[in-house]
Structure formats: structure tokens, C-alpha cells
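Me: I'm new to this one. Can you walk me through it?

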Amino acid sequence: MSESNFVDYVKIYARSGKGGRGSVHFRREKYIPFGGPDGGDGGDGGSVILRGNRNYWTLLHLKYERHIMAGHGSSGSGRLSHGKNGENKIIEVPVGTVVFDGETGEFITDIKYDGQEIVFLKGGRGGKGNNHFKTATNQAPKYAQPGEPYQERRIILQLKLLADVGLVGFPNAGKSTLLSVVSAAKPKIANYPFTTLEPSLGIVNVRDVHTFVMADIPGIIEGASEGKGLGLRFLRHIERNSILLFMVPADANDIAKEYEILLNELTKYNPELLDKKRILAISKSDMLDEELEKALAEELPKDVPFLFISSITHKGIVKLKDLLWKELNNQQFHDTESIVYKPMDLKLTEVDDDFDYSIPEDDDENDDLNYDEIDWENE
Ligand SMILES: Nc1nc2c(ncn2[C@@H]2O[C@H](COP(=O)(O)OP(=O)(O)OP(=O)(O)O)[C@@H](O)[C@H]2O)c(=O)[nH]1
Ligand SMILES: [Mg+2]
């Protein structure tokens, strides 16, 4: 998995910049022997900002930049000179990225749309220079404010693909084949289980007017919720889908039973998945004749709409796309908004932990200014 380009999980260390110190300085000019205080303010520290960017599909680019640090504000100086503000750091992430605390697993925030910006670690404010502290009784304050400290946090970014329809089925059910037929995606297809090892997305065209996004995820087997097969690691990618398209092949021993098993595994993973609209497609129906199809239809579960399809002969494919489109438009609300994130169980997550998350040495400008400081608390 570590070789893969599909990176949907990354842990990073992020830090905002601290505010620059306010300056203690007095006007010194020829002919003005007792100039007043003219210490300028420190610059503000840079913030760390998360920004949704639809040009990214994975978190791969962040794998190579796992220490993300905004710039510190510079100190103020004499003649009311304001310190430079620290540079902001923007972390570009795909839409559908969820942020958790790297130490507690607590949910922090998620990115829902392209261009959305979340100031996630605010830079420290710059300290005020001594010019601000001149009073009637103290014309020459020898103190200024230090900058506010930086904020730091270890975070885990996790990606949930934003597809409208998610494919759910046992390995070999024909999920990838369907995606390759209804979209331009070219997933790997083969006659053995677990051909698909990572999710892929395709854009489905409906009657040349509408489009929606379909996600192909690795096959699920009985016991997946206990870690069998590829486990349920990829199920989080269908948490955001509005519709779950279950696929059971026509040559399955018991279609209704296979559907039940899939449903059961999903429930164990997250019961809220059952609130989603479900459709059952009997795949590989080119293997059935009309009579057999009728007989099978009798035994199918009654609580879910079904259709017979074949990716090879294209039987039922247009009907399937029409039905998916119709159901997508029936959705009362967009599911993205309704997701309640559980804290992440850090013990259960697999991280390639060859990375040093310790705090890097601070390359701060030298703090050799020796003067009384005014704390922010006393403001
Ligand atoms: N006869 C027939 N065979 C099909 C059809 N769709 C897929 N297959 C075959 O079924 C096998 C599995 O197809 P895949 O699309 O790789 O199945 P999958 O569900 O993606 O499997 P995993 O990735 O392992 O979970 C391949 O040999 C396909 O050629 C179909 O409509 N009719
Ligand atoms: Mg596949």
C-alpha cells in the first residue's frame, strides 16, 4: 500500500508563526535631545490555512511536506517601523478531506467545497511597540509587548471521496467493469477477487445532459468488519455517497443472502449508512435467460429496487443510469452536510510511521532584546 499513489491518509505537523516583538526605542535625532518612544509594533505571525482544491484527488502531495510551518512575524523597530508579517501557509487539499487531531483522534473540521478556506492555526499577533505605552505619567516607557506565541498541532488528514453513487459488492461482482462501461475511467478488471485495491472515480454521463460521479471501491466480504479481506478501510469512501449501488452477480448461489451479508457488514461499520438510498443491480445478467430472470426476481429482497444488468451486452445500463439520476434528484438534502464524524480511533488506524513527528528546531530570529515585556494577558 505504501507504494501506491492513492494516498487517502496523511499525518502532518503544522505550526503557525508567532507574533514579532514590539520594539522599545526612543527617538534620537540631532537637536532633539529627549525624543519620545518610537518603538514600532511587531508583525503578525502567519497562519496555517486549509483550502479545498478540486484539482487534487488524493493527499499524495502532502506526503512529501509533512512539516508545515507559517512564518514568524518580525520585530518592530525604531521610528515606528512595523515588523514584517509572517507568511501564511496554505495547505491545499481535495474536497472531502476530513481533519482529525493526531494525538486524540478528535474531529476538527472538514473541507466541503472547492475554494473553501479554514484558518486552522492562527498566527500570533505582533506585540505593540513602546510608543503605545506612553502616558501622562510615563513619557518614556522602557517596555513593549512580546509577540503572541505560535500554535502547533499534529493532525491527521483523511480523504473521503465525494461521489454521488458508491458501488458495494463482493470481489469479482463486476463493479470495476460497470464503472469502465458507464464512464471513461479505466479501472483494472480481472477474473479474480480483489483486483481493485484502491478506490477510483468515474464521471457518468446520463443521456448527454447530466453527469454524476460513481466510486468503485474494493470488494467487501463477510467478516470485513472484523478485518477480513481488505477490511472496511475503504468504506469511509462511501460515507459521503448519496446512493449505494449494491452489485450481486447473477451466478451467485443466493442473491438475497449475499445482499444481506453486504448490508450487515455495512451496518457493523456505520449504521448510518443504512439511511442512504439503496439500489440492487444483478450483474452479469447476460448469463440469464428470461425465464431464469423471472424466477430469480421472485426471490429477491422486497425492500430494495432492483434491476438486471450486464456490462458486457449493455443490458439495463441506460435504465440503471436513468434510475440513479432520478434517485439522486430525489434526495432531499445533500448528505455531505449531515455526516457526524466520530473521533478517529487511533489504535485502529494504519499509518506508515516511519516519520518523525517531533517538533523541529525553531529558526527564530534572535531574541536578544533585553527589556521588560508586557504580557497579552494584561491588555
Ligand atoms: N459475463 C459477464 N462477466 C462480467 C460482467 N461484468 C464483469 N464480468 C467479469 O467478471 C470478472 C470480475 O470483474 P471486475 O469488474 O474486475 O469485478 P470487481 O467487482 O471489480 O472485482 P474486485 O475488484 O475484485 O472487487 C471479470 O472477469 C469480468 O470480465 C458481465 O456483465 N457479464
Ligand atoms: Mg474491481
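Reply: One term to begin with: Ala, Val, Leu, Ile, Met, Phe, Trp, Tyr, Cys and Pro count as nonpolar, Asp, Glu, Lys and Arg as charged, and the others, Gly among them, as polar. This is a predicted model, where local features need pLDDT of at least 70, side-chain atom pairs count only at pLDDT 80 or more, and totals for chains, interfaces and linings use all residues. Residues are numbered from 1 along each chain as its sequence is written, with chains lettered from A and ligands numbered from 1 in the order in which they are written.

Me: How many nonpolar, polar and charged residues are in the shell around ligand 1?
Reply: Nine are nonpolar, 12 polar and three charged.

Me: Which residues are closest to ligand 1?
Reply: G174, S176, N191, T196 and G219, out of 24 that surround it. Near means a C-beta atom, placed from the backbone, within 6 Å. Helix 1 gives the most to this shell, with three residues.

Me: Switching topic. How many helices and strands are there?
Reply: Four helices and 16 strands. These are DSSP runs, numbered from the N terminus: helices are H or I, at least four residues, and strands are E, at least two.

Me: What percentage of the chain counts as buried?
Reply: 39% of the 379 residues. Buried means 20 or more other C-beta atoms within 10 Å of a residue's own, exposed means 12 or fewer, and partly exposed is in between, with C-beta atoms placed from the backbone.

Me: Which residues have the most contacts inside the largest nonpolar core?
Reply: L167, V168, M214, L245 and F246, in a core of 39 residues. Such a core is a set of buried Ala, Val, Leu, Ile, Met, Phe, Trp, Tyr and Cys residues joined through C-beta atoms within 7 Å. Strand 13 gives the most to this core, with six residues.

Me: What does L167 touch?
Reply: Leaving out residues up to four places away in sequence, its partners include K175, L178, M214 and L245. Contact means C-beta atoms, placed from the backbone, within 7 Å.

Me: On to helix 4. Which of its residues are buried?
Reply: L320, L324 and W325. Down the axis of helix 4, the buried residues fall within an arc of 130°, so they line one face. That arc is taken from the directions from the helix axis to the C-beta atoms.

Me: And which are exposed on the other side of helix 4?
Reply: K319, K326, N329 and N330.

Me: What covers the buried residues of helix 4?
Reply: The cover includes strand 10, strand 11 (200-206) and strand 12.

Technical notes
Contact = placed C-beta atoms within 7 Å.
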